[in-house]
Structure formats: structure tokens, C-alpha cells
Amino acid sequence: MNWTETLRTSWSAITSHKMRSTLTVLGILIGIAAVILTVGLGLGTQKDVSSQISSLGSNLLIVSPGSSTSSTGVRSGFGTGSTLTEADATALSSRVNAPDIKAVDAEKSTSEELTAGSTNWTTTVVGATPSYLGVRARTVQTGTFLTAQDETDEASVVVLGSETAQELFGFTDVVGQSVTIDSQSFQVVGVLAPSGSNSTSDLDDTALVPLSTMEANLVGGSSANSVSTVYLQATSASALPAAYQEAKSVLLTRHDITSTSDADFTISSQDALVSTATSVSKTLTILLTGIAALSLLVGGIGVMNIMLVSVTERTREIGLRKALGAPPGAIRNQFLVEAATLGLTGGIVGAALGVVAALTLPGVIGSSIEISGTAIGLSLVVAIGIGLIFGVYPATRAARLAPIDALRTE
């Protein structure tokens, strides 16, 4: 029996039991689709996380203050203290102290209610420096940004995020309008271009004022001169490690700290944030892929079960073929081709279903799903492999049947 005849006979055997074959294919189909979706969701999540972190700026180091302690002795986590100051940011901006740091943006933020006419909106008000745009990779949509003169004059000017402008005025062309922040009038000098959101905040829902204005008019008390975050832009991606060491050295010296373990600040890089988030995502992807792969195992067992049933049903047919001179190899090949065909069919339909789902689900679940050509290719190989592996025993059993015993079977 040549391969053409083997293929024809195998396909005839599969189509003669359509319902049984369909249910067998279904087990593999679900597993393949689940694997493709799981891998795609993992890759999509990694892409989203990287994009969100990159939206903070390029070649970025983020310096956060240490912890704070309440009057009752309760310590809060890192980032809650007042250990970073504008003077620290000035020292970090010195090319003598830190030659690998290109630009520095010190920020101080608070939540405030903004009022425009009879409309109010609560948002994050950020005291920022003129370096903000370059360090944070933002652009102005209309108007201008905060200037060095605004910083010097403690000017009552504000740059709004596009969403904040929309909420207050109903449109974004608001340059020249006035808003009230903490009972003080501020003139809108610009509106930021939309930038989306990152993992912690909506970047388009914000209001930026000069840092000096924030310290003098909006935030008082003992922490008036402290800053909540200092963003450092390295001269290049390759200079990030050097910029990190320089920043740490400058701050340890300024804060009179001799041991790194006693540092009252933390410095994190985009690479570290991406690495951590990606590691978590990969772990979840592997876990979910393993769970999805279990359905492939169940589908493989289904293939073996159906092929064993097929061997039992066709015992007399097998005996007759062997009596007419069909070699054991031809019998074995026929059943292996049937099993591989079932696996391949399930793989192709499952891959198609997975791709369709990957294209339609992001709009429903709000998360990206990346279509991986490698995952699709490997899934098809696995599907055929499942058919062959789980079809070996039934095919071997059929090939070993003695013709006389097979012909005697009722």
C-alpha cells in the first residue's frame, strides 16, 4: 500500500465517524487555542508594562525618599519621607558631581481641587521644573511650558493635562483661561499632549505648576522644601549604570551616610522596573501555559482512546488486509496517519480560533494580546506530535494482530 492509498484510507476512516472524530479534535483544539491565547496574553502584558514604564521618560532613574515615622512611632514605607530636597536635585544636576546625568527634574505632588467657573475637578497638582518635558518625554499640545523665569518669579501659572482641561472646560484649547487652586488664581499657559496612563496614574489627568510656586503657595510646613521624587535622565542607555552610581554617591555624601544599607532614599531604573514586571509576567505565563497544556494531554488521551476503539472495531478488516499480503508496517502507518490527521486538524482549527480570539478579546478585556508566530508553529508541531505519540500504541497493536485471530473475531 503506497502513501497515497494510506492517506485516502485514513481519511475515509475518519470521515466515516464524523461525530466521534469531531469530539476527538475538539479536545486538541481547545488546548491549542488556550496555549496560543495564554502565550499571547503574557507577551501582550509584557509589552504593556514596558510601554507604561517607558512613558515615564527615556534613560530614566527614579529617586524616591526614604520612610517616614509618625509621632506615635509608626513607620511608613519608602517614599513617604521628606529626605529629598530641591538642593539634592541641584547637586545631582552638576556635571562635575555627575557627568553621566544629562538632566534632572525634581517634583512635588499633592491632590487638589481645581475650579474653573462653576466646574470643579480634583486632580494631582505637580510642582515641576522646566526640565520636566525633556526628562519625562512629554510634549505640549497648545501654548507653552513652564519657564525658568516662572520658576524664579514663583509665577501663578499652570500647565494642564489634556483630560484635566477637558473636565474643567469641556475642551482642550484653554490657554489664557484661569483656574483656581487652593483659593489662588492660576493662568493656564499650556496643555500637555495626551500620553495615556502608566501603572500608577493617568498621565493626562494632572496640573503642573512651577516647583517654587508649589513650595511657596500650595504646600507649607516643615516639608515645604522637600520633593517627592527626583527624575534623572542619563546621557544614554549605556550610561545608566554609571549615572546610578554617581547619583547614589552624591546623595550619600550630601546626607552624611557612610553605609549604603542606611540610605534614606532609593534609586530605581527603568530596566529594573521592566525586569521585575517581566519576571512576574513570565512566571504567570508559564503557570497558565502549563494549565492550558493539561488540556492537550487530555486531548491526546482522547486520541489514543478513539484509536483503540477504531482498532477493535476494524479487527476483521485488519485481518483481511494482512491475509491479502499487507505488511505490518502498512497497517501501522495507516493508524498513525489517522491519529496525526486528527491532531493536525485540531491544531489548525485551534490555532485559527486562538488568532481570532487574540484579535477580538483585547477590546473586551482591556489588555493587549500579542500573536506569536513561534507559538502558532510550535502548537501545530505539538498537535501532530500528540497524534503520533498517542497513536503509536493503537497502531502497533493493530500491526501485531495475527491474521487468523483477526478473521475469527466477531
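This is a predicted model: local features need pLDDT of at least 70, side-chain atom pairs count only at pLDDT 80 or more; totals for chains, interfaces and linings use all residues.

Q: OK, which residues have the most contacts inside the largest nonpolar core?

A: Those are V63, L92, V230, L232 and F265, in a core of 25 residues.

Q: And which elements give two or more residues to that core?

A: Strands β1 (60-65), β2 (101-116), β9 (229-234) and β10 (265-269) do, along with helices α3 (86-92) and α8 (240-254). The largest share is from α8, with six residues.

Q: What does V63 touch, leaving aside neighbours within four places in sequence?

A: V63 contacts L84, L251, F265, T266 and I267, plus S228, T229, V230 and L232.

Q: What's in the second, separate core?

A: That one has 24 residues, including I28, V35, I36 and I386.

Q: Switching to the second largest pocket: how much space lies in there?

A: About 200 Å³.

Q: Which helix gives the most to its lining?

A: That's α13, with five residues. Helices α2 (18-54), α9 (270-313) and α13 (373-399) each supply at least two.

Q: How does the lining split by class?

A: Eight nonpolar, four polar and no charged residues.

Q: Last topic, α10. Which of its residues are buried?

A: In α10 (residues 315-323), T315, I318, G319 and K322 are buried. They sit on the same side of α10, because they cover an arc of only 100° around the axis.

Q: What happens just after α10?

A: G325 takes a positive phi there, about 110°.

How values were computed
Residues are numbered from 1 along each chain as its sequence is written. Side-chain values use heavy atoms; hydrogens and water are left out. Buried means under 20% relative accessible area, exposed over 50%, partly exposed in between (1.4 Å probe, protein chains only). Helices (H or I, at least four residues) and strands (E, at least two) are DSSP runs, numbered from the N terminus. The arc is that of the directions from the helix axis to the C-beta atoms. On a 1 Å grid over the protein atoms alone, a cavity is a set of points where a 1.4 Å probe fits but cannot get out, and a pocket is an open set with protein on both sides within 12 Å along at least five of seven lines; lining residues have an atom within 4 Å of a point. Grid points are joined across faces, edges and corners, and a volume is the space filled by probe spheres set on the points. Ala, Val, Leu, Ile, Met, Phe, Trp, Tyr, Cys and Pro count as nonpolar, Asp, Glu, Lys and Arg as charged, and the others, Gly among them, as polar. A nonpolar core is a set of buried Ala, Val, Leu, Ile, Met, Phe, Trp, Tyr and Cys residues joined through side-chain atoms within 4.5 Å. Contact means heavy atoms within 4.5 Å.
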